[in-house]
Amino acid sequence: MSATQHKKALVFFSAGVGDAILLVPLVNQLKKQGYAVTGLFTSPYDCESIFEHTHLFDDIKIKKNKLALVAFSILNFRKYDAVLLNHFSFSKSNLTLAAFLGKEVYTNYKEFTSAQSSPAIHFIDPKTNTHDALQNVYLINSSASLSDLDFNLNYKSQKTKFNLPTNYIVIQSSSANNKAPYKNWDFEKWIALFKHLQIKSPNTTLVLLGDNSELHLAKKLNSSSHPNVLSLIGKTNLNEVIEIIYHSQFYIGLDSGLMHIAVTLNKPTFTIWGASNPKLYGYDWMGDKHKIVSLNLSCAPCSSWLNANTSR
């Protein structure tokens, strides 16, 4: 589809931190095509705060409940030339509202709905074993490739209340708000890794990040046995997390929102993969800066929106 400078696009942000970052290349692609881009944030995870100190969007709208979203769609009837919602944002109600908001609607998750009969709604068939960020860009550019993905947030560093040392590594030992145990690595193994890193790099601080759902992990850590480990689990908001990662040396962790944040801040990553699919969400295709480790079990991936292996 053609795009000119005056056109307006609206992108739904309805899921977690990781998905919000995976939509960044789509926003950058829209801007490259001359769109003014509005982010519509309906996510309960306050993902809009990720972009508070960036210049990614031309406008941000925050609508946290159905009533506010319906009112917004009525007041902005056909205001946007293109409305885009990926599979994480897809629902029958969101698709119907998107049809109110946009002259053209693009989504990559097809499900029967009464709005499906509208010629303005375009279903873009997803491709297997294709990175999720690229799936999002396909909504607007079917010929895009991995090299076209632009994760740049244009982040502006802010002051932080945490007095951290010059050299530190960020570690997240749990994933997905502790709601996806199949992504996690046993915490006792993390403690063994902490001991190894303490010997290997005695002058490097390990900063543990996580939210309130992961406080039980912090309780398992005996700080006197790990003087180089600083736990900030449950002590940070998203703005502070971004700033902490921004000044770190690199990220060690799992398939999580913080991994995606580290990538978009141009930090090296080392991630442990379990049930989820690194082809969809990993970054080793970027080169040696991003390392992954996985057992590559024959049953994997058993967690995926495309072709999940549900045998286990």
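Author: Before we start, a contact here means heavy atoms within 4.5 Å of each other. This is a predicted model, in which local features need pLDDT of at least 70 and side-chain atom pairs count only at pLDDT 80 or more, while totals for chains, interfaces and linings use all residues. Residues are numbered from 1 along each chain as its sequence is written, and side-chain values use heavy atoms, with hydrogens and water left out.

Reader: Which residues does T264 touch, not counting those up to four places away in sequence?

Author: Start with its place: T264 lies in helix α9, residues 257–264. Helices (H or I, at least four residues) and strands (E, at least two) are DSSP runs, numbered from the N terminus. T264 has a relative accessible area of 9%, so it counts as buried (under 20%; exposed is over 50%, partly exposed in between, with a 1.4 Å probe and protein chains only). Leaving out residues up to four places away in sequence, T264 touches I21, F151, N152 and L153.

Reader: How many helices and strands does the protein have, and what is its radius of gyration?

Author: The protein has 10 helices and 12 strands. Its radius of gyration is close to what the globule rule gives for 312 residues, so the protein is as compact as a globular protein of that length. The radius is taken over C-alpha atoms, and the rule is 2.2 Å times the number of residues to the power 0.38. The rule gives 20 Å, and the radius of gyration of the protein is 20 Å.

Reader: What percentage of the residues of the protein count as buried?

Author: Think of the whole chain together. Along its principal axes, the C-alpha trace spans about 65 × 45 × 35 Å. Among contacts with a separation of 6 or more, 60% are between residues 24 or more positions apart. Of the 312 residues, the share that counts as buried is 52%.

Reader: How many of the residues of helix α2 are buried?

Author: Helix α2 covers residues 24–32, and it is largely enclosed by the rest of the structure. Its buried residues are covered by elements including β1 (8–13), α1 (17–22), β2 (36–41), β4 (82–85) and α5 (132–137). Those buried are V24, P25, L26, V27, N28, Q29 and L30. Of the 9 residues in α2, the number buried is 7.

Reader: What is the relative accessible area of P25?

Author: You can find P25 in helix α2. Setting aside residues up to four places away in sequence, P25 touches A133, V137, L149, D150 and F151. P25 is buried, and its relative accessible area is 2%.

Reader: Which residue stands opposite I171 in β10?

Author: Two strands pair if DSSP finds at least two bridges between them. Strand β7 (residues 168–171) and strand β10 (residues 251–254) are joined by 2 bridges and run parallel. In β10, the residue opposite I171 is I252.

Reader: And which residue in β11 is the bridge partner of Y251?

Author: Strand β11 (residues 269–273) pairs with β10 in the parallel sense, over 4 bridges. In β11, the bridge partner of Y251 is T269.

Reader: Is D46 buried or partly exposed, and what is its relative accessible area?

Author: D46 sits in the loop between β2 and β3 (59–62). Its phi is positive, near 55°, in a residue other than glycine. D46 is partly exposed, with a relative accessible area of 41%.

Reader: Where is R78 found?

Author: R78 is not a glycine, and yet it has a positive phi of about 55°. With a relative accessible area of 34%, R78 is partly exposed. R78 is found in the loop between α3 (66–75) and β4.
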